[in-house]
Amino acid sequence: MKLHIIIIFVFTCIRLNTGLNAQVFSNADLKITKLEDKLWVVETTDKTTMYIIEGSKKAMLIDTGTNCEKLDEVVHRITQKPLYVVITHMHLDHAGNITPFKDIYFHPADTLLMKRLKPFYGKVHYVNDGDLFDLGDKTIEVKHMPGHTPGAIVLIDRSAGNCFTGDAFGSGLVWLQLWPFSPIKTYIRSCDKMEKLMSNGINNIYCGHYPYLKKALSIDYIRNMKKLAEAIDNGSAPSPHPYEIHYLDISGPNPTITSLNGVSIVYEPSKIK
Ligand SMILES: [Zn+2]
Ligand SMILES: [Zn+2]
């Protein structure tokens, strides 16, 4: 066997053995891929993302996508452990499919966004900065990171060095142009808080629209976001361009986009201070 064929053969065996990056389920709405031991990413056809984390006693579903048929049954194929359903923020593409679940968890500052969703008849549990979810052999910690929405949270798995950020820092590009608007200084504080957290052993950011990137982001991404946000605040950001996509009719009247070091921020100039 030639050397390159041997290398491909060995590499394929390793992948089959570990099962990492292996697609484990798909249907018309989504596909599920194993990212790490006890961690799966769910990518929907409309490019939203959910994550499933399994502990020794309980499991967690992070976000629910826009509209996925029988999501509860789909998740049950991956884990049969009792499930926490935690929503990073209450936008439709993250909370659109909460209805099959009896209990959901999110930050109270996003309650005002719930009226844009289908009615939810289950039980709402509020989470706040510092709250912990005990999954048995791992604990998931809540950190409040307002900016994209007032109640945006990230979920931290310190044992794995992972953080699940929803749209709090975007997926290459963050939207700050949406009602209810937060001042840019709020977002800068969140970037600062996230940078400090990551300096203490959090290596991977798994963002809320994984299909655009197909990889975890690092602390450099947060540093670049903070630099750009500070530049918008002090007036030194590269000239913004009009941003054409209006989202759920809750964008400001003249959303603009500016970019620096490979990251972008969409904002509404009249609402950013
Ligand atoms: Zn989103
Ligand atoms: Zn969002």
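**View 1. The buried residues of helix α2 (residues 71–78) are L71, V74 and V75.** Seen down the axis of α2, these buried residues fall within an arc of 95°, so they line one face of the helix. The arc is that of the directions from the helix axis to the C-beta atoms. A residue counts as buried if 20 or more other C-beta atoms lie within 10 Å of its own, as exposed if 12 or fewer do, and as partly exposed in between, with C-beta atoms placed from the backbone. E73 and R77 are exposed and sit on the face of α2 turned away from its buried side. The cover over the buried residues includes β1 (23–26), β4 (49–54), β5 (59–62) and β6 (83–86). Helices (H or I, at least four residues) and strands (E, at least two) are DSSP runs, numbered from the N terminus.

This is a predicted model, in which local features need pLDDT of at least 70 and side-chain atom pairs count only at pLDDT 80 or more, while totals for chains, interfaces and linings use all residues. Residues are numbered from 1 along each chain as its sequence is written, and chains are lettered from A and ligands numbered from 1 in the order in which they are written.

**View 2. E69 lies in the loop between β5 and α2.** E69 is exposed, because it has 12 other C-beta atoms within 10 Å. From E69 to G166 the C-alpha to C-alpha distance is 21 Å, and the two are 97 residues apart in sequence.

**View 3. The largest nonpolar core has 70 residues.** A nonpolar core is a set of buried Ala, Val, Leu, Ile, Met, Phe, Trp, Tyr and Cys residues joined through C-beta atoms within 7 Å. Y51, I52, M60, L155 and M225 have the most contacts inside this core. Its largest share, six residues, comes from α5. Not counting residues up to four places away in sequence, Y51 touches L39, W40, V41, I62, F164 and Y206. Contact means that C-beta atoms, placed from the backbone, lie within 7 Å.

**View 4. An open sheet of four strands has the order β13-β17-β16-β15, with mixed pairing.** Two strands pair if DSSP finds at least two bridges between them. β13 (173–175) and β15 (241–242) are the edge strands, each pairing on one side only. Strands β16 (residues 256–260) and β17 (residues 263–267) pair in the antiparallel sense over five bridges. I257 has V266 in β17 as its bridge partner.

Conventions: Two residues are in contact if their C-beta atoms, placed from the backbone, lie within 7 Å.
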